[in-house]
Amino acid sequence: MVNILLIGITVAPCLSAINISNDSINSNILNFSLFDLKVVSISFTKSSQLDILMNQHLDIIDIKDSEITAYVNLVQLKSLCVLGFNPIILFENIQEMNDYIYGSEFLQFHTYAQMTQELQEIANTYADIAQLYDLGHSVQGRVIWGLKITDNPTVEENEAEVRICGCHHGNEYMSVELPLLMAWYLVQNYGTNPDIEDLVDNREIWIIPMVNPDGREMGTRYNAHGVDLNRDYGYLWGGEGGSPGPFSQPETQIIRQHALENNFVLSLSYHTTEAIVNYIWNYKGQPVVDHDVVVQLSQQYGSHNGYWVVEGYYWYQTRGDTNDFSYGCRGDIDWTIETQNSNIPQAWDLNRVLLLQQSGLKKPIGLVLLILRWGITTVCFYLVLTMCILEQMGMRSK
Ligand SMILES: [Zn+2]
């Protein structure tokens with residue numbers, strides 16, 4: 001995520017008093033705040049030590065050589081000491097780290113309250129094409145908002161449905177900004193830009209900028225139960241990321257229910273911090289039924305902004321993620337788009353056109369994709385394959 005180099009707030013926390021009651025250790029709700037999580041580096045010398053560290057369910061920022069950088073709460077900090085590690089505190093809390101990394105830029109990222117206010121403003125100002133829905137509540141009771149942008153937003157019309165969501169991981173701040181910017185862009189250009197008007201009139205576009213509002217407020221990847229929501233989905237769930245069972249968390253249950261109530265055909269899920277168009281599958285390296293179309297659209301995205309286009313599994317395997325659920329259970333072609341986590345205007349410039357393009361496409365049964373699947377695909381298959389290989393050869397390896 002973020003490389004933190006030699007930031008010398010060196011403390012030996014294992015030598016200082018860390019008083020934690022057994023009650024807090026046994027608590028399964030991590031009611032910590034920004035000010036409770038510390039950023040530490042932990043050295044290890046053997047692979048067996050790395051295995052032990054990986055089993056501690058740390059919120060890892062970076063792994064490099066023989067050192068892990070991670071967020072830890074006081075309970076985890078104590079556990080690390082008990083296990084014989086000597087974590088060095090780089091930042092006393094996430095706020096301190098964000099100030100160091102982003103400076104005043106951090107204030108440009110929307111908090112939950114600011115995002116809520118803007119979504120309400122959009123729905124109030126552009127009520128004829130935008131409707132805001134309370135999709136349900138997070139662990140800590142925050143509303144997860146879904147903004148529906150279409151003509152006749154209160155009516156369920158026979159139009160292709162698209163979903164754009166962000167912030168499965170609370171510390172991936174840019175992933176809130178892009179869906180929110182997309183919402184503003186659509187409503188502000190409706191009526192003056194014929195392409196946008198056509199898009200809004202003929203699609204139902206759902207924008208969910210903050211799937212994990214508790215994580216965003218805490219500044220952590222996880223939700224308030226300490227679960228990685230992007231490992232909690234039910235399609236070939238694998239128990240990763242602290243998830244105790246398929247759809248164990250209210251946030252993923254909400255996204256599941258919302259997907260059941262709508263027939264999404266294409267979806268985009270924003271994350272940070274890489275520059276990657278990550279397509280299905282994530283749990284296995286095998287082409288999906290719509291592989292040719294998926295690759296074509298993925299290449300289209302990547303060719304515009306230079307992002308690395310890769311099937312998720314071949315970046316790294318994950319189980320229980322959003323994309324696999326969307327396609328595996330609902331036939332919805334869903335991407336993970338990894339973007340930078342700073343410089344909002346630049347990130348928006350790199351993704352705006354693609355957001356609009358992907359939103360404008362229909363299901364594989366639609367004319368555009370039929371052409372892609374049965375016409376161009378056959379002719380271009382070897383060309384695309386060659387381009388993929390060449391492109392990936394030129395990119396960094398994982
Ligand atoms: Zn993420």
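What follows is a short chat about a predicted model.

Visitor: What kind of model is this, and how are residues numbered?
Guide: It is a predicted model, where local features need pLDDT of at least 70, side-chain atom pairs count only at pLDDT 80 or more, and totals for chains, interfaces and linings use all residues. Residues are numbered from 1 along each chain as its sequence is written.

Visitor: Which strands form the open sheet, and in what order?
Guide: The order is β5-β6-β8-β7-β9-β12-β10-β11, eight strands with mixed pairing. Strands (E, at least two residues) and helices (H or I, at least four) are DSSP runs, numbered from the N terminus. Two strands pair if DSSP finds at least two bridges between them.

Visitor: Which strands sit at the edges?
Guide: β5 (130-137) and β11 (308-311), each of which pairs on one side only.

Visitor: How do β9 and β12 pair?
Guide: In the parallel sense, over seven bridges, with β9 at residues 264-272 and β12 at 333-339. S267 stands opposite D334 in β12.

Visitor: What does α13 lie across?
Guide: Helix α13 lies across β7, β8, β9 and β12, and runs at about 165° to β9. Angles run from 0 to 180 degrees between N-to-C directions, and axes are lines fitted to C-alpha atoms, for helices over the stretch in contact.

Visitor: How do α10 and α13 pack?
Guide: Helix α10 (residues 291-305) and helix α13 (residues 344-360) pack at an angle of about 155°, their axes 9 Å apart. That makes α10 roughly antiparallel to α13; angles under 35 degrees count as roughly parallel, over 145 as roughly antiparallel, 65 to 115 as roughly perpendicular and the rest as oblique.

Visitor: Which residues meet there?
Guide: From α10, L297, Q300, Y301, H304 and N305; from α13, L350, N351, V353, L354, Q357 and Q358. Residues are in contact if their C-beta atoms, placed from the backbone, lie within 7 Å.

Visitor: New topic. Where are the cis peptide bonds?
Guide: One runs from T272 to T273, with omega near 10°, and T273 lies in the loop between β9 and β10 (276-279). Another joins I280 and W281, with omega about 0°; W281 is in the loop between β10 and α10.

Visitor: What about N152: what is its phi?
Guide: N152 has a positive phi of about 50° although it is not a glycine. The residue N152 lies in the loop between β6 and β7.

Visitor: Why does N152 count as partly exposed?
Guide: Because N152 has 13 C-beta neighbours inside 10 Å. A residue is buried if 20 or more other C-beta atoms lie within 10 Å of its own, exposed if 12 or fewer, and partly exposed in between, with C-beta atoms placed from the backbone.

Key. Two residues are in contact if their C-beta atoms, placed from the backbone, lie within 7 Å.
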